[in-house]
Amino acid sequence: MAEFEPKIVAFLCNWCAYRGADLAGTSRFHYPPNVRVIRLMCSGSIDPVYVLQALLSGADGVLIGGCHLGNCHYQDGNYKAMRRVEVLKNILRQVGIDQERVWLRWIDASEGGLFSQTIQQMVDELRTKGPNPMRKPWQVWQETMGCQMPGIEAKPKKEKVA
Amino acid sequence: MKVEAVLKVEKGDILGASRDFLAKLLTQGLVDYLLVPLEISHGRTLAQTLVQDPAYLDKANPFSAVLPVSSASIVSQLTIDHPGKKLGAVMKPCEIRALVELVKLGQASLENVTIIGTDCLGTYEVEDYAKLIDKMKGTAGKKGARVLDDMRQSIAEPDAKPLPISLRPACRMCNSFTPLLADITLGLFGMQDGVFVSLESELAEKLGLEVKKAPDRQPAIDRLLDSRTKAREQVFTEFRGKMETIVDFADCLDTCIMCYACSSACPLCYCRVCFFRTDTFEPESERYYRWAEREGALRMPTEILLYHLTRLNHVAISCCGCGMCESACPRKLPLTTIFQTVGDGLQKALNYVPGRSLEEAIPLATVPEVKV
């Protein structure tokens with residue numbers, strides 16, 4: 001079987017991280033082709049719904065790239081992103097979704113090298129983690145016990161294979 | 001300065017005494033309108049009613065044991081464009097907490113609003129309350145008061161006098177049943193005879209209330225708090241013990257029909273048009289076939305997990321535990337458990353208590369202090 005290739009969705013801010021990615025390209029820095037970039041005007045403009053949609057549609061990792069703290073083009077958008085991601089990760093952790101699949105990184109327009117390193121690092125880590133269980137959504141629903149139906153008791157759960 | 005007073009209750013008629021008090025607020029011109037639960041359908045249920053004429057207060061029940069709609073949403077509707085009316089809103093503690101959150105979110109205003117907070121003995125599901133009333137014999141008008149009496153006795157002696165039907169899940173685990181932020185508080189806990197009132201001394205003077213130290217209510221409140229906290233912790237531990245993988249979360253939601261009733265009922269889901277009712281994530285039909293082709297099988301509708309997780313992200317930080325979501329859910333999904341447990345974890349992590357203060361900003365709306 002072919003080696004597992006993680007899929008990464010990257011939301012990059014127009015002013016820093018996206019330009020950093022651009023610079024990585026023009027500077028001929030190599031990085032794995034596992035990333036799909038979506039350009040945003042600001043990392044602060046990302047609603048968690050888009051990150052969740054990516055994860056629940058089977059993306060193995062989501063990268064949110066913004067300006068370094070203090071450098072936001074819109075004063076404090078990256079601080080807002082930080083809070084939202086903090087909340088999102090807390091919630092993911094509490095409902096049994098691997099929060100380590102969501103990365104928030106500050107990458108400047110001049111840091112093409114850092115962008116390529118970040119992607120390389122993320123791909124390596126996701127490779128050790130293995131595929132996102134939501135890659136197979138039908139299996140997730142197959143495993144549920146239907147215990148929310150009134151009058152129907154949950155069947156004992158199968159032992160989880162470690 | 002806040003002072004205490006006790007409303008005299010004759011022949012155990014708590015509601016009568018409270019109604020007289022509310023009527024005085026209107027007749028003395030302290031408020032021009034009063035939002036208060038009024039009995040409708042021959043007392044089988046209650047509805048939030050905007051009362052201008054005090055004569056209508058004969059059906060009022062500020063301690064209503066049923067909560068069909070959170071009045072936080074109604075106060076938002078009544079104040080969002082700053083009408084400048086003097087409104088008195090009779091609200092339960094959870095409704096006040098939600099209102100405070102809505103004010104912080106810019107969705108309601110407390111300008112000219114007098115919050116009359118009431119002690120909450122708990123609430124029944126709407127259908128359970130109607131059943132209770134139907135089972136009772138006697139005058140229709142007195143039944144609401146009897147439900148209240150039974151609840152007070154059950155709180156005083158939980159083992160000897162259990163409730164005939166259990167409370168809503170949210171109320172069973174509620175640990176904040178006395179109003180935190182209210183201009184006027186009407187209290188029942190720890191009162192043998194009489195209704196506890198706490199209000200500004202100026203107001204007490206205008207209403208001609210005799211200022212008097214009320215009996216110590218704390219022991220009664222602490223007793224209930226103790227048992228509720230235990231129930232709450234148990235729900236939390238059970239849920240947290242279960243959540244290992246995404247399957248466990250999906251398990252709680254596997255019969256969701258995507259009716260959006262939870263978001264309609266939630267006082268904090270304030271968007272005029274919900275994201276999920278737009279076509280943002282509704283692709284051209286062709287896509288579904290492609291996904292089915294890729295996976296072999298595609299569960300329809302596709303957005304169940306996304307919807308609930310997004311709602312968690314949007315409101316869990318402010319979740320006040322009113323449980324309107326679960327009461328509205330036709331499939332009775334354990335939404336109170338999910339939102340309260342996840343909300344509790346999140347609120348503790350960010351050191352935020354929803355509805356505690358108007359000055360404390362919602363973490364999502366603040367810029368965290370980080371050294372650059």
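Two residues are in contact here if their C-beta atoms, placed from the backbone, lie within 7 Å. Keep that in mind on this tour, and keep in mind too that the model on the screen is a predicted one.

Begin by selecting B:P93, which has its place in helix α3 of chain B, the helix made of residues 93-104. Once neighbours within four places in sequence are left aside, the residues in contact with B:P93 are B:G117, B:C120, B:S176, B:F177, B:T178, B:P179 and B:L180. Is B:P93 buried or exposed? B:P93 counts as buried because 24 other C-beta atoms lie within 10 Å, where 20 or more are needed.

Stay in chain B and select B:E10, which sits in the loop that runs between β1 (2-7) and α1 (14-27) of that chain. If you then pick B:D20, which is 10 residues away in sequence, the C-alpha to C-alpha distance from B:E10 comes to 12 Å.

Now turn to chain A, where 5 helices and 4 strands can be coloured, and follow them from the N terminus in the order β-α-β-α-β-α-β-α-α. Of the 162 residues in chain A, 47% are buried. Among its contacts between residues at least 6 apart in sequence, 77% join residues that are at least 24 apart.

Within chain A, select helix α1 (residues 17-26) together with helix α4 (residues 112-129), which pack at an angle of about 90° with their axes 7 Å apart. That angle makes α1(A) roughly perpendicular to α4(A). To see where they meet, show A:A17, A:G20, A:A21, A:L23 and A:A24 on the side of α1(A), and A:G112, A:L114, A:F115 and A:S116 on the side of α4(A). Sorted by class, this contact has 6 nonpolar and 3 polar residues, with no charged ones.

Finally, show both chains, and select the 34 residues of chain A that are in contact with 40 residues of chain B. On the chain A side, the elements that give two or more residues are α2 (48-56), α3 (77-94) and α5 (137-143), and the largest share, 9 residues, comes from α3(A). Coloured by class, this side of chain A shows 22 nonpolar, 8 polar and 4 charged residues.

Definitions and conventions
Residues numbered from 1 in each chain as written. Chains lettered and ligands numbered in written order. Predicted model: local features only at pLDDT ≥ 70, side-chain atom pairs only at ≥ 80, totals over all residues. Nonpolar A, V, L, I, M, F, W, Y, C, P; charged D, E, K, R; others polar. Axes fitted to C-alpha atoms, helices over the stretch in contact; angles between N-to-C directions. Parallel < 35°, antiparallel > 145°, perpendicular 65-115°, else oblique. Buried ≥ 20, exposed ≤ 12 C-beta atoms within 10 Å, placed from the backbone.
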